[in-house]
Amino acid sequence: MTLDVDVRHRLGAFTLAARFRAEAGITVLFGRSGAGKTSLVDILAGLVRPQEGRVIVDGVTFVDTELGVFLPAHKRRVGYVFQEGRLFPHLTVRQNLLFGRWFTPRAERWGDLGHVTELLGIGHLLARRPAGLSGGEKQRVAIGRALLRSPRLLLLDEPLAALDEARKAEILPYVERLRDEIGVPIVYVSHSLAEVARLATTVVALNAGEVAACGPAAEVLAGVALAPLGYGESGAVVEARVAAHEAEAGLTRLESPVGQLRVPRLALAPATPVRLRIPARDVMVALASPADISALNVLPGTVVAVRTVSDAVADVTLACGQGHIVARITRYSVERLRLAPGVAAHAVVKSVVFEGGATAGATLGFAVTAVEAG
Amino acid sequence: MLLSPEEWTALALSLRVSLWATLASLPLAALVALVLARGRFLGKTLVNGLVHLPLVMPPVVTGYLLLLAFGRRGPIGAFLAETFGIVFAFRWTGAALAAGVMGFPLMVRAIRLSIEAVDRRLEAAARSLGAGPVATFFAVTLPLVLPGILAGWVLAFAKAMGEFGATITFVSNIPGETQTLPLAIYAFTQVPGADTPALRLTLVSIAVSMAALVASELLARAVGRRIGIV
């Protein structure tokens, strides 16, 4: 699957000018409210016709203004899960689920009612009407309805925005199952860094209608590209796996691209993959390897970028091993240590946040578990 | 039993006229309501004004205009009579036409309001699920508008049952042909000593109106439950 987007669209004073490419998996459109995320998704769905540009999904041209091509929404076979569910109030859950099926040619149907209801855990709701469902149930039915359209592309527009933390935790595993079990390409809109870190294969960061950064999740979230957006939450995302347990010390050793990390014991079998986020504000930078320090994780590396965040603060990106780590330190320290690209330095990691990957999610839960490793 | 044969005839005729008037005008009213609610075109205000005209004009004027247009020598009346053999003048069909025209604005108004109340985001959802414009209308819009259509129909039916001025001007007051309930009541009031039949028909008229209102309330509730609004 490839998603090829290059559109320009003006809405009053707001101009959307987005251009990106994404491969299979979950592509997260990330940005603040008003960054143009929903407009972009509406263009992908065919609900908004862009003034200029093209959208090509898996070789099928949805829009090409130069060639005068515009495939209407109902012919795109794109599943759209809206922020507010938008279930049909006059139909039962079952009728809602099967709505898109009527309009899908038999040969192109891959969504199966039994499988979808089982996957989303909504089998017991089939006879009910949307008015009687909870927020989380409504959103799961909306996802099921979009899936039973047998879409070639699934769009999820902040499907969790209207839900509380408990309901979010209820839905997220289902989204991961869509990615892992059904394999349908997904475009997922979010303004939550936690959701991005947990789900994204590719991240497209939008800022004021423009693509600020686009690429593999770990790269974009390394903070290099996000720092200018000023999220105040930049950090590195690291894919790691459990290497071994140190029973006596009560620690677990993780193997990761940035090097070996030691964290308080995790109840996970060796070789289990985990996704970590290392918040920039919890990383210190040292020129020499510090001796006699409480922090367990000191990673040697090289400074690759220094980006000023404000008058007082800067983000320093270090290449450690095969990955990146971002440290948020004062500009005063940057000058004092003469940090600049090429300078060898050590990243002192004070804490690690687990994002709950596909397998770790069950044990650690989605609620971010901060582990003091220092 | 309680009513004389003439009175039964007037009641039956009234029901027939009102049913035909409202059922025949319903599709057109729905279409006009849709155009007024959703359409964007030059002269929309004019169309809206024309539709509402029977509501604000004296009924006698409406009846007289109908007579001019649909009478035997009227341009439309003569054409319809020659081409299709349809005659309105001094027939019960003419009474139905007059009743239909008078109830039309009420019907359009009720349906238009309910179309405007439909959440268009639901229609966008239907389109994303593969429903084209026509399928979206029948599968989503129409069911959601149904209570409004029902309300408009009942209003127009009640109006048709009570229509007097336009009917008597257009098709006169012919017992058994154009003499509906209100016209029969009027006729009795013109005869000395016929107070009792006039009163009887008045009670019948009240009963029919009440029955229509109660029926519409029950139906609206049933439909509302079915589409999950109530």
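Okay, housekeeping. The model is predicted, so local features need pLDDT of at least 70 and side-chain atom pairs count only at pLDDT 80 or more, while totals for chains, interfaces and linings use all residues. Residues are numbered from 1 along each chain as its sequence is written, chains are lettered from A and ligands numbered from 1 in the order written, and side-chain values use heavy atoms, with hydrogens and water left out.

Chain B, then. Its secondary structure comes to 10 helices and zero strands, where helices (H or I, at least four residues) and strands (E, at least two) are DSSP runs numbered from the N terminus. The C-alpha trace of chain B spans about 70 × 40 × 30 Å along its principal axes.

On to the packing. Two packed helices are described by the angle between their axes and the distance between the axes. Here the axes are lines fitted to C-alpha atoms, for helices over the stretch in contact, and angles run from 0 to 180 degrees between N-to-C directions.

Take H1(B), residues 5–38, and H7(B), residues 133–162: their axes come within 9 Å and cross at roughly 135 degrees. The two helices are therefore oblique to each other; under 35 degrees counts as roughly parallel, over 145 as roughly antiparallel, 65 to 115 as roughly perpendicular, and the rest as oblique. H1(B) passes H7(B) in a right-handed crossing, meaning the near helix is turned clockwise from the far one by less than a right angle. Contact means heavy atoms within 4.5 Å, and the residues of H1(B) that meet H7(B) include B:Leu15, B:Leu19 and B:Arg38. The residues of this contact divide into 12 nonpolar, four polar and one charged. For the classes, Ala, Val, Leu, Ile, Met, Phe, Trp, Tyr, Cys and Pro are nonpolar, Asp, Glu, Lys and Arg are charged, and the others, Gly among them, are polar.

H7(B) also packs with H5(B), at about 160 degrees with the axes 8 Å apart. That makes H5(B) roughly antiparallel to H7(B). Among the contact residues are B:Gly103 and B:Leu106 of H5(B) and B:Gly152 and B:Lys159 of H7(B). By class, the H5(B)–H7(B) contact has 14 nonpolar, four polar and one charged residues.

Over in chain A, H4(A), residues 135–147, and H5(A), residues 165–182, pack at about 15 degrees, axes 9 Å apart. That makes H4(A) roughly parallel to H5(A). Their contact divides into six nonpolar, two polar and four charged residues.

Last up, the pocket. How much space lies in the largest pocket? About 640 Å³. A pocket, on a 1 Å grid over the protein atoms alone with a 1.4 Å probe, is an open set of points with protein on both sides within 12 Å along at least five of seven lines, and lining residues have an atom within 4 Å of a point. The volume is the space filled by probe spheres set on the points, which are joined across faces, edges and corners. Of the 23 lining residues, the closest to the centre are B:Leu66, B:Phe70, B:Leu97, B:Gly100 and B:Val101. Which helix gives the largest share of the lining? H5(B), with seven residues. By class, the lining has 19 nonpolar, four polar and no charged residues.
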